[in-house]
Amino acid sequence: MATVLEPPPARARSEAATPFTRGSVFVRWLIVLAVPALVLVIPPPPGVETNGWRLFAIFSATIGAMILQPLPTGAVVLLGVSAVAIFKVLTPAVALAGYADPIVWLVLCAFFIARGLINTGLGRRIGFTFIRIFGRTSLGLGYSLVITDTLLAMVIPSVGARSGGIIFPTAKSIAEAYDSYPGESARKLGAFLMALVYQCEVVICAMFLTGQASNPLIAGFVKQVTGVELTYTRWMVGAIVPGVLSLIVIPLLIYKVYPPDVRRTPDAPRLAAEELGRMGPIGLNEKIMLTTLAGILLLWLTISFHKIDYALIALLGVCVLLVTNVLKWSDLLSERPAWDVFIWYGGLLALAKALGSSGITKWFAGEAAGFAGGWSWGAALVLLLLIYFYVAYAFASITAHATAMYIPFLVVLLAAGAPTYVAILTLAYSSNLSASLTHYGTTPAPIYFGAGYIPQRTWWKLGFLTSIPNLLIWTVVGLAWWKLLGWW
């Protein structure tokens, strides 16, 4: 039996690979440029100034390019930000204002904190500890990895860092320890673990404001449209009951419909114990890392008392890790995925905020009110949520999906009379859950799919199958839970 492998040097992956992997880049650019051209030939709607309509045209082209990806996401957004300034749609100060937004710095700091977690080995130690306790069966192994990821997601918004640096290498190592490799031996254990971990990954992304990088962006959209501040605590409290239920049900479902050949793994706890033995006692850097994470989480949970911004808390954590030498300045400079996200996140935030101030959202809200007239909010919720969820097949990232569709669908639901928190939360959580459908739905998807254990057809079947209980749990149970909380 193979020994547990050391994980490869981990880097958070950039936005997932697009499904449009064939065809000419030239054709993609033609499609992208056709979008603003079509918008601009239409007269601005009542209440929207010409400059606001031009902004909408450039914003639409940016979203189109994020979907078709003739260039990487960061480059696409940088082009959009440059365009609105060059064509004097926005002043340079307004176009670049997103890079000063605290939310952008929160996400940047999250990548740095994740780097400290990986460098110190604390994430792997947590994972192997749970495997030693629960890993005597293949299902127990799956739950061990899910529990580890859940704990990390409470403070690490970089799902790519969690998956690429900790969860995926551990799952792959365990699979190979049982001689399960891509190909004929995939169904021994590896295919099961990859399917289970990824399908639970999107649930974990939905459970916390820090579940993945786009969640703070969604919270920004919520505040822009409704004035409601979707705090870390409220997001987590709203998700905790449906989230835990999904994390119980989904592994059982995968185990039933896509079971591993190896059902019992009595050697896994021993292998985990050996790995922990090689790591030695918990070191000073790991203790500092653990204390810093606990401090960040505590400050986030008590933000209503001390009023310190989320981003400043994360920045304080990074400073502690720098001062204690857990992180070096060179670590921060070399974290390329972090700076990539910083570029597209800050630019996209500036464009979205400017669009919200342009009159487009107000005009659309008025049109939506007429469109939804006569609907019960329950009927509107069912129909629009299904459309919002399954249209994710057309998007190569949660960010592109949410940026293009969250605000319009939220406005329509509110116009139909849906309670504010019902509309906000169902769409926010579904933005994450819908990434389960494809092998390109979010950052970790290409990581797990790219391991080669699961054929694409099977991946899509499992994604659709798990979407059904997830939708039922997060709507039926979710609505009941929010009602109990008095949120509607």
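**Helix crossing, aromatic pairs and a buried threonine**

In the predicted model, the crossing of helices α6 and α8 is right-handed. The contact between α6 and α8 comprises, by class, four nonpolar, two polar and one charged residues. On the α6 side the residues involved are G123, R124, F128 and I131, which meet I166, T170 and I174 of α8. The axes of α6 (residues 122-134) and α8 (residues 159-177) come within 10 Å and cross at roughly 45 degrees; the two helices are therefore oblique to each other.

Aromatic pairing was examined next. A search of the whole structure finds 23 aromatic pairs. In one of these, formed by Y429 and W482, the ring centres are 6.1 Å apart and the planes lie at 45 degrees, so the pair is classed as tilted. This pair links distant parts of the chain, with Y429 in helix α21 and W482 in helix α23 (residues 456-484), 53 residues apart. Y429 is buried, at 1% relative accessibility, and W482 is likewise buried, with a relative accessible area of 1%. Elsewhere, ring pairs join Y99, W105, F112, W339 and F342 into a cluster.

When neighbours within four places in sequence are left aside, the contacts of T438 are with Y198, Y393, A445, W459 and W460.

Terms used:
Residues are numbered from 1 along each chain as its sequence is written. This is a predicted model: local features need pLDDT of at least 70, side-chain atom pairs count only at pLDDT 80 or more; totals for chains, interfaces and linings use all residues. Side-chain values use heavy atoms; hydrogens and water are left out. Contact means heavy atoms within 4.5 Å. Axes are lines fitted to C-alpha atoms, for helices over the stretch in contact, and angles run from 0 to 180 degrees between N-to-C directions. Helices (H or I, at least four residues) and strands (E, at least two) are DSSP runs, numbered from the N terminus. Angles under 35 degrees count as roughly parallel, over 145 as roughly antiparallel, 65 to 115 as roughly perpendicular and the rest as oblique. A crossing is left-handed if the near helix is turned anticlockwise from the far one by less than a right angle, and right-handed if clockwise. Ala, Val, Leu, Ile, Met, Phe, Trp, Tyr, Cys and Pro count as nonpolar, Asp, Glu, Lys and Arg as charged, and the others, Gly among them, as polar. Rings of Phe, Tyr and Trp (its six-membered ring) pair if their centres lie within 6.5 Å; planes under 30 degrees apart count as stacked, over 60 as edge-to-face and the rest as tilted. Buried means under 20% relative accessible area, exposed over 50%, partly exposed in between (1.4 Å probe, protein chains only).
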